[in-house]
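Let's walk through this one together, strand by strand and then helix by helix. Have the structure open and follow along.

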Amino acid sequence: MKTKAAVLTEFGKPWSIEEVDVDPPAAGEVLVAWEASGLCHSDEHLRLGDFGGPVPEVAMIGGHEGAGRVLEVGPGVRELKEGDHVVASFLPACGRCRFCATGHSNLCDLGAYLMTGTQPDGTFRRRWNGKNVGAMAFVGSFSQYGSVPEASVVKIDDDIPLSSACLLGCGITTGWGSAVNSAKVGPGDTVVVLGCGGIGTGAIQGARLAGAEHIVVVEPVESKRDKAIEFGATHFVTSAPEATALVAELTRGVMADSAILTVGVLKGTMIEEALNMVRKGGAVVMTAIAPITDQAVTMSMCVATLFQKRVLGSLYGEANPRADIPRLLRLYRSGQLLLDEAITARYKLEDVTTGYDDMLAGRNIRGVMIHEH
């Protein structure tokens with residue numbers, strides 16, 4: 001079938017809206033009509049080449065934070081049928097590898113192929129101009145349609161708005177898990193969240209739901225203050241030095257239990273700033289992405305050792321999508337998790353560049369692409 005899609009043909013070039021051929025689903029795959037896709041910063045990282053990867057050798061359809069309807073199921077698909085509503089999990093969960101079997105499906109071995117553009121079996125289901133075209137994270141939700149692995153989607157109830165549910169495919173789940181799973185926020189904690197975008201709002205809410213007493217948000221865009229408070233922030237500042245001073249005052253010098261880095265682009269100097277905010281034994285959680293070539297980190301190794309401070313990487317918030325996406329949707333139903341409020345603007349596929357301009361300018365918490373069929 002034919003689909004319109006936003007295709008990346010060369011690092012640094014704008015997304016190009018093209019007509020792409022999509023094959024029917026092969027064994028273990030489903031054909032999905034994507035209804036909505038979040039405009040996540042990771043797709044901007046892909047466009048700029050921050051992950052490395054095959055582009056421009058293999059053109060790539062962007063989008064990994066999607067939700068839609070199953071149109072067709074391939075042979076061997078067990079849990080999905082035509083008409084089911086699904087949320088993409090940008091990290092697949094095969095359920096069989098060591099990491100899935102031990103409750104760490106965010107580290108599923110299938111993740112090794114996320115940036116190759118291929119399906120897990122090394123083949124392609126999309127073609128453009130007679131050549132193979134890949135799909136970011138097996139998903140490629142900057143497209144009307146796509147054949148994706150069953151391992152990459154999670155069935156949800158039909159009455160959940162897909163434009164809101166799509167945020168659980170990456171941003172909100174990643175932020176929530178960064179607080180709950182990685183930082184292990186507990187009742188009475190003091191937490192600093194650096195960055196109030198699509199992932200930061202999830203971290204704020206994760207800290208709130210975990211019972212944190214103080215949630216200090218650091219965000220240079222002053223206009224995001226009211227939103228941060230709405231999601232659960234108790235304090236809002238615009239710089240790291242302000243946050244450090246405030247945390248010292250709030251905790252009588254003990255400092256924060258954790259600091260979660262959810263900025264758009266992670267920089268090495270931010271590690272030292274975050275370490276200065278946390279107490280002895282405290283945790284700094286790195287959720288934001290740095291370009292793969294940036295290996296310069298600034299931190300006092302002596303202080304980290306003597307004060308037993310921890311620096312942790314967090315991928316997908318250490319979430320187990322088949323359990324956590326339904327859990328978060330239950331919290332959404334009960335009004336405890338805010339999804340609709342995180343959507344600042346909606347865009348057509350053709351307006352993808354405008355959406356990212358708005359994100360980079362700080363005008364959006366999360367922009368969502370709505371597909372027309």
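Strands S7 and S8 make a hairpin with two residues between them, and asparagine 129 in that turn has a positive phi of about 55 degrees. Strands here are DSSP runs of E with at least two residues, and helices are runs of H or I with at least four, numbered from the N terminus. S7 covers residues 126-128 and pairs with S8 in the antiparallel sense over two bridges; to count as a pair, two strands need at least two bridges found by DSSP. Tryptophan 128 has lysine 131 as its bridge partner in S8.

Before going further, a word on what you're looking at: this is a predicted model, where local features need pLDDT of at least 70, side-chain atom pairs count only at pLDDT 80 or more, and totals for chains, interfaces and linings use all residues. Residues are numbered from 1 along each chain as its sequence is written, and side-chain values use heavy atoms, with hydrogens and water left out.

S8 (residues 131-135) also pairs with S4 (residues 59-61), this time in the parallel sense and over three bridges. Here alanine 59 has valine 133 as its bridge partner in S8. Now zoom out: five strands close into a barrel in the order S1-S2-S7-S8-S4, with mixed pairing. From one strand to the next the twist averages 50 degrees.

On to the helices. H4 (residues 171-182) and H10 (residues 321-333) have axes that come within 12 Å and cross at roughly 100 degrees; the axes are lines fitted to C-alpha atoms over the stretch in contact, with angles running from 0 to 180 degrees between N-to-C directions. The two helices are therefore roughly perpendicular to each other, a label that covers 65 to 115 degrees. Thr173, Trp176 and Asn181 of H4 meet Asp324, Ile325, Arg327 and Leu328 of H10, contact being heavy atoms within 4.5 Å.

How enclosed is H4 by the rest of the structure? Largely, because 11 of its 12 residues are buried, meaning under 20% relative accessible area with a 1.4 Å probe and protein chains only. Among the buried ones are Ile172, Trp176 and Ala179. The cover includes helix H5 (198-209), strands S14 (256-261), S15 (278-286), S16 (310-313) and S18 (366-370), and H10. Just after H4, lysine 184 takes a positive phi of about 55 degrees.

Methods: Parallel < 35°, antiparallel > 145°, perpendicular 65-115°, else oblique. Buried < 20%, exposed > 50% of the residue type's maximum accessible area, 1.4 Å probe, protein only.
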